[in-house]
Amino acid sequence: MAATTQTGTTNTFESTVAGVTVRGRAHPLSAWFVLALRLMMGIAFAYSGIAKIIDGFDATGYLANATVANGSPAAGLFVAMAGNEAFMAFVNVAVPWGELAIGLALIVGLLTRFAAFWGAVMMFLFYLGNWEVGHGLINGDFAYMLVFLAVAAFGAGRILGLDALVERYDVDGRPLTEKYPVLDYVLG
């Protein structure tokens, strides 16, 4: 279970996974850096989505050829995807419009955890598809995946984002997230 507390002006946090507990103390400027990460990824994804929409994105050739050429461990899966016309029709819409939706959600800080989760999923698939590991297994796609996960973990949508307003919205005299705790997994 993860717990976050605030003591005076120092933010502390801790988490226990598989019996191992880690604790940390965030610098007072940490909120600004988390906000910067959210906005950076939002702008990058919105821009990428718009560019793909304008350019008429089609991943078929890339999945069928480049993933084999670059030695991706998932090349067989990507080639099979490229061979399925109906699936590729979905992918060719889902990728650019998904990037745009994720980017806009992060920019305004709405459904931030949900958007960041799907951004991380996309970056993991890009990581497998691009398979640029000549300088090691950690490349830009992998790093961006971790940035998305950090944005989700730190509840970046609560920092100058609409998630903070949505979470406080009253339903029957109770905050929305208190009445529907599952929303904590998509907001924040």
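Hi everyone, let's start with Phe-148, which is buried, with a relative accessible area of 0%. Keep in mind that this is a predicted model.

What does Phe-148 pair with? Its partner is Phe-45, in an edge-to-face aromatic pair with 5.0 Å centre to centre and 80° between the planes. This pair connects distant parts of the chain, since Phe-45 sits in helix 1 (residues 30-55) and Phe-148 in helix 6, 103 residues apart. Phe-45 also counts as buried, because its relative accessible area is 5% and the cut-off for buried is under 20%.

In total there are eight aromatic pairs. Another one of them is Phe-13 with Phe-154, again edge-to-face, at 5.9 Å centre to centre and 90° between the planes. Here Phe-13 belongs to strand 2 (residues 10-17), while Phe-154 lies in the loop between helix 6 (140-153) and helix 7, 141 residues apart.

A nonpolar patch of about 960 Å² includes Ile-43, Leu-104, Phe-114, Trp-118 and Leu-165. Helix 4 (85-108), helix 5 (112-130) and helix 7 (162-168) each give two or more residues to that patch. Phe-114 is in helix 5 and is partly exposed, with a relative accessible area of 42%.

Finally, the annotation. An unreviewed UniProt entry marks residues 32-54, 74-95, 102-127 and 142-160 as "transmembrane region". Of these, 74-95 is 86% helix, and 102-127 is 88% helix.

Technical notes:
Residues numbered from 1 in each chain as written. Predicted model: local features only at pLDDT ≥ 70, side-chain atom pairs only at ≥ 80, totals over all residues. Heavy atoms only, no water. UniProt positions renumbered as here; feature names shortened; annotations may be inferred. Helix = DSSP H or I, 4+ residues; strand = E, 2+ residues; numbered from the N terminus. Patch = residues over 30% accessible without salt bridge, like charges linked within 9 Å, V, L, I, M, F, W, Y side chains within 5 Å. Areas by Shrake-Rupley, 256 points an atom, 1.4 Å probe, with all protein chains shown as cover. Salt bridge = Lys/Arg side-chain N within 4 Å of Asp/Glu carboxyl O. Buried < 20%, exposed > 50% of the residue type's maximum accessible area, 1.4 Å probe, protein only. Phe/Tyr/Trp six-rings, centres within 6.5 Å; stacked < 30°, edge-to-face > 60°.
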